Structures are given as C-alpha cells and as structure tokens.
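Reader: Could you take me through some local features of this model?
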Amino acid sequence: MQSINPLSGSIDKSLVRIASTPGLGLTHHRSSPSRLTVKCLDSANGGRTRHEWQSCCAVLASKVASQQQDSKKTDGGSTGVATVNGHKTLDFVPINGAVAKSPFALPKPLSISDFSAVPLHGSQLRVAYQGVPGAYSEAAAGKAYPNCEPIPCDQFEVAFQAVEIWIADRAVLPVENSLGGSIHRNYDLLLRHRLHIVGEVQLPVHHCLLALPGVRMEHITRIISHPQALSQCENTITKMGLNASREAVDDTAGAAEYIATKNLRNTAAIASARAAELYGLQTLAKGIQDDSSNVTRFVILSREPIIPRIDRPFKTSIVFAQEKGTNILFKVLSSFAFRNINLTKIESRPHRNQPIRVEDGGAKQFEYLFYVDFEASMAEERAQNALAEVEEFTSFLRVLGSYPMDMTPWRPDMEE
C-alpha cells in the first residue's frame with residue numbers, strides 16, 4: 001500500500017550546483033531572482049538515504065521552476081495577488097515604534113525556499129506549525145513539547161515537508177474543531193505524505209478582540225481573522241452592538257500582526273491573548289467565542305512511528321477505500337463494533353485517483369476514502385483482528401498512526 005508522493009521532479013544542472021560530498025542538510029543563497037545555489041553539508045553526524053536526498057533535491061528543483069515563472073511574470077510587468085491556503089495574504093510594511101514589541105523581531109514563517117541545515121543529533125527538538133508566532137498552533141506545539149523550538153511555516157504543506165527533509169523533528173497541525181468541524185486540507189495531506197501520527201493535542205480556544213492601544217470599541221468598523229474564528233464569535237460580536245464588517249485572512253495571529261504593521265486604528269482582530277502581547281495590541285474583550293466548549297484537536301507528526309503500548313489509552317487512525325459492492329461500509333464498521341472498539345471519528349474525502357465509479361446501466365457513484373479514528377492500540381489483539389477483517393473488504397488500507405490519547409483534564413472556563 002502506498003500513498004501519493006508529492007515530491008517529484010528533476011534538478012536542472014544549469015540552475016543548481018551540488019557539492020561532491022553528500023550530507024544531511026542543505027544551505028543555499030540566491031544569486032539572482034531565478035538562480036538557486038545549493039551546497040551539501042558534512043554528514044559526519046548522520047546519514048541520509050538516496051531516496052531522501054533525491055526528495056530534497058526535487059523540492060528545491062520545484063522551487064527553481066517557481067522562481068523562473070515568477071521572474072517571467074515580473075519581466076512582463078504583470079502582477080498577481082498571492083494566496084495561502086485559499087485566502088489573500090497580507091502585505092506587511094515596516095512600522096515605527098508604535099508597538100511594544102516589533103513583529104520583525106519574531107521568527108519569520110518558514111517557506112519552501114528557507115530550508116536550512118538540519119539540527120545536530122541531541123539538539124533542541126524543533127516543531128513545525130502553520131501560522132505566525134501567537135497562533136493557536138504555536139500554543140499546541142508548546143503544550144505537546146514545552147521546551148521545543150517552534151518553527152512557524154506559511155502553509156500546511158511546508159510543515160509536512162519540513163519534517164520530511166529533516167528541517168523539523170515534529171509537526172503539530174490541526175485536524176478538527178469542536179465548532180467548525182474538520183480541516184479537510186490536512187486530511188488530504190496526511191495521505192499525500194508518509195509521516196506518522198505519534199500523538200494528539202486538544203487545545204481549548206479562547207478568542208479575544210484586539211486593537212491598537214487607545215482605540216475604543218466604537219471606533220471599530222472592520223474585524224479581521226481566520227474564517228473559523230469569525231464564525232465562532234459571530235453571535236457575541238452581534239450582541240456587542242459592533243457595526244463592523246468581517247474580513248477573512250489566513251490565520252488569527254496574522255490578523256493581529258497586520259493591524260500592528262499597518263497601524264490600523266479602525267480595525268480589530270480576533271486572536272489569542274498571546275498575539276496581543278507579541279504585537280503590542282490592547283484587548284477590548286476576552287472570551288468572545290459563542291461557545292465556551294471550543295476545542296481544536298491537533299495531531300503530532302513524525303518521520304518514524306512509535307511503538308504501540310497497552311499501559312495507557314491509545315488511539316489509532318486509519319484510512320481506507322472500500323471495495324465495490326453493497327453493504328461494504330457496514331461490514332467494515334461492524335468489524336469494530338463486534339469487538340467493542342469505540343470509533344471517535346469518521347471522515348469521508350473524495351477518492352482523487354478514482355472519483356467516480358460507473359455502474360451497470362450507466363449510473364455514476366462517487367468514490368470516497370474514509371478516515372477513521374478508534375480507541376484501541378495496535379498492540380491489542382482485538383485491534384489487529386479488526387484491521388485484518390477490514391482488509392478483506394477494502395481495496396486500500398493504511399494505518400496513519402497508533403498513539404497515546406490526550407487525557408489532559410479541561411474545563412470550559414480555563415484560561416489560556
């Protein structure tokens with residue numbers, strides 16, 4: 001069983017120069033907008049397989065191609081609006097000393113062009129997340145690994161690839177929210193990449209309304225944030241009597257950073273209390289989410305799986321495609337029910353390789369992949385028997401990970 005490998009392509013030797021000594025990491029610099037120079041580092045502290053090295057080179061080759069296209073657009077005088085994860089990116093400008101802490105002193109989100117040397121063995125654990133400092137994903141990374149070095153990434157895809165090519169040791173990414181539902185993009189990426197789920201984090205989300213110092217509530221004419229954050233606070237904002245338009249951006253902390261860098265005195269952001277501290281904003285209101293039971297579930301991804309145990313509660317995540325036939329999904333789910341295994345999640349996504357099945361008579365049926373989480377460890381015989389039976393009814397089956405459940409006590413009135 002294989003997942004789709006997103007890393008493909010070849011190296012253009014006229015654009016990329018590789019040193020003769022192979023090694024763990026890569027460093028590069030741009031000599032021109034369309035030229036990328038790559039140099040291999042010493043591998044005395046570790047090794048890399050031929051496949052992984054080729055994957056690294058493929059990523060860099062795709063970046064070179066992207067830079068060539070951007071260069072052509074620039075030469076032609078055309079401009080476009082950049083987007084990240086389907087939303088407009090924000091154009092930041094330098095600011096004066098108007099904020100307590102300059103956003104430019106904070107780590108810049110990692111992009112594919114920023115791949116650098118791999119940390120040496122025994123160095124501080126590096127954890128990738130999507131967003132900028134102050135994002136809820138950063139808080140989830142800190143909860144999972146309190147002493148880690150968080151690495152902000154500008155896209156979910158970059159966080160996956162950062163772990164794959166050893167830029168980061170782990171990635172912490174959201175997969176579902178108790179109010180907004182599943183983050184479908186990350187479910188699709190779980191299948192495209194070969195990372196393993198090694199843990200989960202359930203993070204209570206407490207939204208705040210933030211603005212520049214001295215701005216009063218009645219001055220606000222626009223509120224910006226992530227689409228889910230806007231929807232999670234809609235009723236509360238309406239009750240507050242704010243006559244303000246809503247505008248979606250890519251992440252909550254990015255909205256706070258945008259207000260600080262642009263010095264917008266008529267705009268507020270929905271973000272965390274930590275974002276207010278980082279970007280020098282004042283908090284106009286706390287806990288503005290419509291439901292106090294607002295929790296986001298994150299998964300922890302690693303290059304290697306962990307060994308399942310039975311000395312504590314475990315959860316296992318799988319993905320499968322069902323064989324052609326009637327009642328197949330019922331039979332699959334019955335494999336768990338007959339063994340008293342509790343399912344905590346089932347999510348269907350279109351089968352991209354075969355989205356439509358044509359039946360006899362010309363009837364068309366949609367084909368789906370099913371993501372299932374169940375409360376059992378792969379070290380348990382009942383889980384092994386259940387998957388052995390599921391395999392009889394499926395055309396594709398992959399275990400995404402078997403990992404400890406997050407059993408942290410939580411109360412709706414807890415502060416961040």
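This is a predicted model: local features need pLDDT of at least 70, side-chain atom pairs count only at pLDDT 80 or more; totals for chains, interfaces and linings use all residues.

Reader: At what angle do α3 and α4 pack?
Author: Helix α3 (residues 156-164) and helix α4 (residues 184-192) pack at about 30 degrees, and their axes are 10 Å apart. Helices here are DSSP runs of H or I of at least four residues, and strands are runs of E of at least two, numbered from the N terminus. Axes are lines fitted to C-alpha atoms over the stretch in contact, with angles from 0 to 180 degrees between N-to-C directions. The two helices α3 and α4 are therefore roughly parallel, a term for angles under 35 degrees.

Reader: Which residues make the contact?
Author: Helix α3 contributes Phe 156, Glu 157 and Phe 160, while α4 contributes Arg 185, Asn 186, Leu 189, Leu 190 and Arg 192. Contact means heavy atoms within 4.5 Å.

Reader: Changing topic, is Ser 302 buried or exposed?
Author: Ser 302 counts as buried because its relative accessibility is 6%. Buried means under 20% relative accessible area, exposed over 50%, and partly exposed in between, with a 1.4 Å probe and protein chains only. Ser 302 lies in strand β15 (residues 295-302).

Reader: What does Ser 302 touch?
Author: Not counting residues up to four places away in sequence, Ser 302 touches Val 163, Asp 169, Arg 170, Leu 195, His 196 and Val 198. A polar atom of the Ser 302 side chain also lies 3.3 Å from the backbone oxygen of Glu 304.

Reader: And where is Gly 199?
Author: Gly 199 lies in strand β9 (residues 196-204) and counts as buried, at 5% relative accessibility. Leaving aside neighbours within four places in sequence, Gly 199 is in contact with Phe 298, Val 299, Ile 300, Tyr 403 and Pro 404.

Reader: What about phi at Asn 263 and Asn 340?
Author: Most residues other than glycine have a negative phi. Asn 263 has a positive phi of about 55 degrees, and Asn 340 one of about 60 degrees.

Reader: Where do Asn 263 and Asn 340 lie?
Author: Asn 263 is in the loop between α7 (252-262) and β13 (267-271), and is partly exposed at 42% relative accessibility. Asn 340 is in the loop between α9 (328-337) and β17 (343-350), and is exposed at 65%.

Key: Residues are numbered from 1 along each chain as its sequence is written. Side-chain values use heavy atoms; hydrogens and water are left out. A polar contact is a pair of N or O atoms within 3.5 Å; within protein, one must be able to donate a hydrogen and the other to accept it, and residues adjacent in sequence count only if both atoms are side-chain atoms. Angles under 35 degrees count as roughly parallel, over 145 as roughly antiparallel, 65 to 115 as roughly perpendicular and the rest as oblique.
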